[in-house]
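Me: I have a sequence and a model to go through. Please set the values against their definitions.

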Amino acid sequence: MTEHVATNETILVVGGGISGMTAALEAAETGKNVVLVEKNPALGGRTSQLYRYFPKLCHPTCGLEINLRRLKGNPRVRVLTLAEVSGIEGSTGNYTVSVKVKPRYVNENCTACGECERAVETMVDDPFNYNLGQHKAAFLPNAMAYPQRFVLDPSIIGTPEADKAKAACKYGAIDLDMKEETIEVKAGAVIWATGWQPYDAAKIQPYGYGRFKNVITSVEFERLADIHGPTGGKILRPSDGKEAKNVAFIQCAGSRDENHLRHCSRICCMASLKQTHYVREKFPEGGKSTIYYIDIRAIDRFEDFYQKVQADPTVTFIKSKVAKITEDESGNPVCWGVDTEGYKRYTTAHDLVVLAVGMEPSVKGINIPGHIASDSSGFIEADPANGAVFGAGCATNALDVNRAVQSATAAALRAIQVVNKVAKAEA
Amino acid sequence: MSANTAVADKYRNNFLKEIEEQVEMGDWVKMCMQCGVCSGSCPTNFQSAWEHPPQELFMMIRAGKREEVLTSTSMWNCTSCYNCIVRCPRKIPITHIMHGIAEYAHRIGKAPKMQATRFFSVLFWKNCTNTGRVNELKLSLGLYFKDGFVQGVKNGLAMQSVAIGLIKAGRLNPLELFGGHKCKDQKGIQAMLAKAYEIERVRKAAKMAG
């Protein structure tokens, strides 16, 4: 699986989320050879972990399915999963990239029949569900996973559990001797599309994330609403499994804050407005949402979405950044603050508090091999000094899916221009 | 002046400019984004001590409400816990601005005379600069009689047992009422303070004159 004929006319795309997939496909569909490197065992990134998209509230499975079809039908894209870039050498038009590929312990023979999963008993945390639940140590990363192949968790290798999985497989797909390897890939241009991570909410000390079970993040709330999530699509609060009908959304949890993230994460307002729909959908009777905000930034043409939510009698807007959260004796999180419209103090209990956490670039703090210019928040900036390493999607800015795709297409075009020059010089 | 600052300048009324020029760190007022975290984080907040919490004061300044702001008792209630500065998402030095507004209101004679914090501050300053030493007996008596003679006697009687205890323990000397202890160079310290006060007065007058 690791033999690739990559030349300096190849484009390497780092990150297989919506931006990376888009950049890879756009480039491949113009006839370029692409290597797509993804660190997780399946493509799709954070988009695949959403329950629904805004503004049309369709499921991301739909958008991903289109991209996966394009991918399956295109021989020019080579996908490497469980792979991370460990070094970049060279310059524009002539890069050599080292890629570390972790063992999956399952080869191409896998039919995703699920026998190994049934044979294995060990449970491990499920990062696809933000560790809200667990799955078997032999698992399919998610229902739509591409490649549609199982993975063995490294923790069971060398134990009888791994042997059980191997014995259960009728297709000889389990290979316990796989080892981590580092391969070298030639590329003319590199697209860096490593996306984002939710800001660590535990750092916002007064909100008690990590101390109070019923204070969760917006990305975790997506998993609660999803039928493939840990609760089977029911909005149940973590402390006691009670239905969370009275949900508070706290905006700018980490964003627009000099003590946390300096930038506006741009998607959180729309995400919370969208999530009020989940509350109404799951609890047609008695569902209630409260949005605490500084100002609602329904970016661009989404103002009508905001107005529709405003007209919803089950949604209350309170213009205030919550100052602190405490917990009452029944485990309800209690929001404290001052409503800046009228300057009234409030102390309000809810069933569940959802922190609309900010977007932190995944590249922040990590050392991208080679020189990359980034802004004060750690997002990659377009800079001639970057050579032919181009940022795409949320690695470059806080973007929603729509804008991430636009950004990825732009990056693909830049990369195509570089490899076209290389091709001309060689012709 | 860039086009941007020219447009922004239209929104800076005279009172906001006055605060920016006269109040310590007053130029931060325009940075407030009205999120309300300062007020929510204030330890006095949920005792309704503040008539106008900090972000409301900032908005009132930006709305040009000069009389309401300067005669308000609100900023005098600040306990200097610094919670608001720590929590402010824009790192606005709110505590310092509260003290700055209070000081300015006092300087130009707008501060409410009988507001307890202001009353005590004036009393304390006079008390300690007079002899160079704090006279605790005179200070507490001064505070007891703040609201009139009858109330002062009542306060004194209420604190009687504490006072007797302090005298017995040698922590309170009744003779302090007559003059009291002093520092070595009483004249020198007064001259030094007078000089410092003069320097500050000249500096602030120059600022006021623009």
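Me: Which elements of chain A do the buried residues of helix 4 of chain A pack against?

Reply: They pack against helix 3 (115-119), strand 8 (138-139) and strand 9 (151-152) of chain A. Helices (H or I, at least four residues) and strands (E, at least two) are DSSP runs, numbered from the N terminus, and two residues are in contact if their C-beta atoms, placed from the backbone, lie within 7 Å. This is a predicted model, in which local features need pLDDT of at least 70, side-chain atom pairs count only at pLDDT 80 or more, and totals for chains, interfaces and linings use all residues. Residues are numbered from 1 along each chain as its sequence is written, with chains lettered from A and ligands numbered from 1 in the order in which they are written.

Me: What makes a residue buried, and which ones are buried in helix 4 (residues 160-168) of chain A?

Reply: A residue is buried if 20 or more other C-beta atoms lie within 10 Å of its own, exposed if 12 or fewer, and partly exposed in between, with C-beta atoms placed from the backbone. In helix 4 of chain A, A:Glu161, A:Ala162 and A:Ala165 are buried. They cover an arc of only 100° around the axis, so they sit on the same side of helix 4 of chain A; the arc is that of the directions from the helix axis to the C-beta atoms.

Me: How much of chain A counts as buried?

Reply: Of its 427 residues, 49%.
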